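Here are my notes on the model you sent over. Have the structure open while you go through them.

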Amino acid sequence: MEILHRYDSAERQHYLFRHHYAFKLKPRLLYTGDLKKREGWSEKPHRHAFCEIIFIADGSGHVIIEKEEYDVKRGDIIIYNPGVLHAEKSSESEPLEIKFMALDRLEITDLPKNHLLPPEYDFIYSAGEYADLFQEKFNQMSAEFEISDVFYVEIAESIARTLVMYILRIIDHCKENSSLFGSNKNFNLALQYINENYRNELSLETIASNCFLNKYYLSHLFTRLQGMSIGKYILSLRMSEAKRRLLNTNDSVALIGNSVGFHDTGHFCRIFKKETGLTPLQYRKHNVNQ
């Protein structure tokens with residue numbers, strides 16, 4: 001779908017959002033809460049069948065994960081995947097203040113149920129510049145449960161999902177980790193091949209063969225990670241290039257259509273009008289006049 005709007009100006013700006021990541025993220029918020037400061041506080045090691053997220057709001061202490069002890073401090077985020085043995089304890093001098101939440105029905109593509117991270121990833125991350133935001137969001141969730149006004153559960157779950165997005169962003173930006181999203185080598189290989197060859201005749205079979213992939217696997221993978229089918233993506237590239245050439249060159253419609261992969265001018269014109277609502281010549285005249 002082409003989005004029609006007025007041109008940007010100093011006073012008016014349009015921010016158009018693209019779908020970047022295709023994964024299911026509709027978890028149920030089981031609980032949220034906080035731990036007030038108490039010297040020498042500790043808990044017994046335990047496991048959950050769900051994902052638990054801990055935010056160190058203040059103080060310092062330790063977390064025990066699978067019998068290994070790690071230091072934690074203000075601004076740290078700790079992620080416990082299901083089945084991980086864990087516990088927290090405060091230091092004597094700077095007792096911990098903790099915010100926490102638990103999520104069930106968490107589904108992220110290619111990860112086991114309720115896993116926020118691949119098992120091989122680190123489980124402690126610094127919130128960094130987002131520390132104040134995490135504090136604010138956790139406080140908002142607690143406030144919603146205390147008030148228990150209409151839609152308080154839905155609002156709290158929305159806040160929890162927002163926090164998860166920020167956590168994934170933080171992890172994705174860590175240099176020691178490979179990118180969580182869009183890093184699939186097969187997807188990147190296919191995307192590069194399409195970007196370099198969309199002006200030629202392309203089929204799913206051709207792309208899969210040149211990338212040494214099964215065509216059914218490639219079709220599913222591409223749609224999941226790109227948010228659209230291979231055919232729609234190729235068409236979007238061809239339409240973008242055709243529009244650019246219509247506005248920036250005096251080339252004929254037939255030449256432009258052929259250059260972006262349409263060897264039948266009539267077919268090119270029909271597809272172009274279907275996508276934009278205008279014929280190629282109407283599009284050129286309308287936008288030049290604008």
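1. First, a term: buried means under 20% relative accessible area, exposed over 50%, and partly exposed in between (1.4 Å probe, protein chains only). With a relative accessible area of 11%, N81 therefore counts as buried.

2. Some ground rules. This is a predicted model, where local features need pLDDT of at least 70 and side-chain atom pairs count only at pLDDT 80 or more, while totals for chains, interfaces and linings use all residues. Residues are numbered from 1 along each chain as its sequence is written, and side-chain values use heavy atoms, with hydrogens and water left out.

3. How far to trust it? pLDDT is the predictor's confidence in each residue, from 0 to 100. The chain has a mean pLDDT of 86, and 87% of its residues reach 70 or more. Over residues 16-23, though, pLDDT stays under 50. Where pLDDT is low, the predicted coordinates should not be read in detail.

4. Back to N81. You'll find N81 in the loop between strand 5 (76-80) and strand 6 (86-90); helices (H or I, at least four residues) and strands (E, at least two) are DSSP runs, numbered from the N terminus. Leaving out neighbours within four places in sequence, N81 is in contact (heavy atoms within 4.5 Å) with F50, N114, H115, L116, L117 and P118. N81 and N114 sit 33 residues apart in sequence but 7.0 Å apart in space, C-alpha to C-alpha.

5. Now strand 2 (51-58). Of its 8 residues, 7 are buried. Strands pair if DSSP finds at least two bridges between them: strand 2 runs antiparallel to strand 7, with 7 bridges, and is also antiparallel to strand 5, over 4 bridges. I54 faces F100 in strand 7 and I78 in strand 5.

6. What about the cores? A nonpolar core is a set of buried Ala, Val, Leu, Ile, Met, Phe, Trp, Tyr and Cys residues joined through side-chain atoms within 4.5 Å. The largest has 32 residues, and I79 and L116 are among those with the most contacts inside it. Strand 2, strand 5, strand 7, helix 1 and helix 2 each supply at least two of its residues, with helix 2 giving the largest share, 9 residues. Another core, of 19 residues, lies apart from it and includes A208, C211, L225 and L237.

7. Last, helix 6 (residues 230-248). Buried residues in helix 6 include I230, Y233, L237 and R245.
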